[in-house]
Amino acid sequence: MPRPLWSGAISFGLVTIPVKLMSATEDRSVRFHQVHTEDLGRVRVRKYCEAEDREVSAAEIGKGYEVSKDTLVAVTDEELERMPLPTAKAIEIVAFVPAASIDPVRLSGDSYLVQYDGPIAAKPYALIARALARNTKVAVAKLAWHGRERLVLLRVRDGALVAHVLKWDDEVRDPSELAPKDITVTDSEIDEALLLVDSMTTDDISGYQDEYRKALEAVLEAKAEGRQPPKPSTEAEETGGQVVDLMAALQESVRKAQAARGEDAGDAEVHEMPKKPAARKPAKKTPDKKTAKKTATAKKPARRQRGA
């Protein structure tokens, strides 16, 4: 397990649970250095003091808040740690809410494993974890960390508590103005879209991998060994931006999804939308009574002869 990043306690009513936080994820992205393209020499960022016009070390660098254009206020780490916040060394649970009520957009992407600290903390830790596991609620808590107070969601994963940092209300933008206006969607199209959703539904997404990182690693491995990088695949489908019949596209998508699962969905084709509506045919003339009578007589089937 990674080293703890924070230590304190979970405050749950009158219950206090000493805990430690450690990162719940790891970044597997391929990272590059900035280099001089002519000789591959490393290009480094040096920190200079504007007042003394010299490079400064990390020990000489502190925090400063810009009150106005020409005025800075120095703030030390000790001053931030001594702020009178009840959440300075505690994860204070303030409410329990249904898990479905948390909008995923509020998840900041920072997740931490919560480890109980010491044998005395094991029982109250297990108590809150099992209580959360028995219902569909999650805990919402406050935590002061890295110079700011954060809103945290606590949930249970495999018997352990996991903390997810949430965005505050005023940090989430309203997307309503981006929704399409005056668009007509038929019930048949919605039903077909729901059928596509059902055909693509799964309970396990563990099989998905970062194909970009794998391809990038193959390129880097080839260059390190003096080989030519792998050629790009030519099997990618070209969409070409063509306009297609939405219903036919949905039906074809359902067919492919069901075929991938080994289900027989029948045949379906995607056709291009006509650029202009087809011209209306002229209305047929209504036949007079005599003509209609002759036509009906001519179309009347002959009687079958007995014994034939």
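K20 is partly exposed, with a relative accessible area of 25%; partly exposed covers the range between buried, under 20%, and exposed, over 50% (1.4 Å probe, protein chains only). This is a predicted model, where local features need pLDDT of at least 70 and side-chain atom pairs count only at pLDDT 80 or more, while totals for chains, interfaces and linings use all residues. Residues are numbered from 1 along each chain as its sequence is written, and side-chain values use heavy atoms, leaving out hydrogens and water.

The partner of K20 is D117, and the two form a salt bridge, that is, a side-chain nitrogen of Lys or Arg within 4 Å of a carboxyl oxygen of Asp or Glu. Because K20 sits in strand β2 (residues 15–23) and D117 in the loop between β8 (107–116) and α2 (122–133), the pair ties together parts 97 residues apart in sequence. Strands (E, at least two residues) and helices (H or I, at least four) are DSSP runs, numbered from the N terminus. D117 is partly exposed too, at 33%.

The structure holds 12 salt bridges; here are some of them.

| Salt bridge | Closest N to O |
|---|---|
| D117 and K20 | 3.9 Å |
| E225 and R227 | 2.8 Å |

R227 is partly exposed, with 43% relative accessibility, and R54 is partly exposed at 32%. Through shared partners, salt bridges join E52, R54 and E60 into one network.

Now to V185, which lies in the loop between β11 (160–166) and α3 (187–199). V185 counts as partly exposed because its relative accessibility is 46%.
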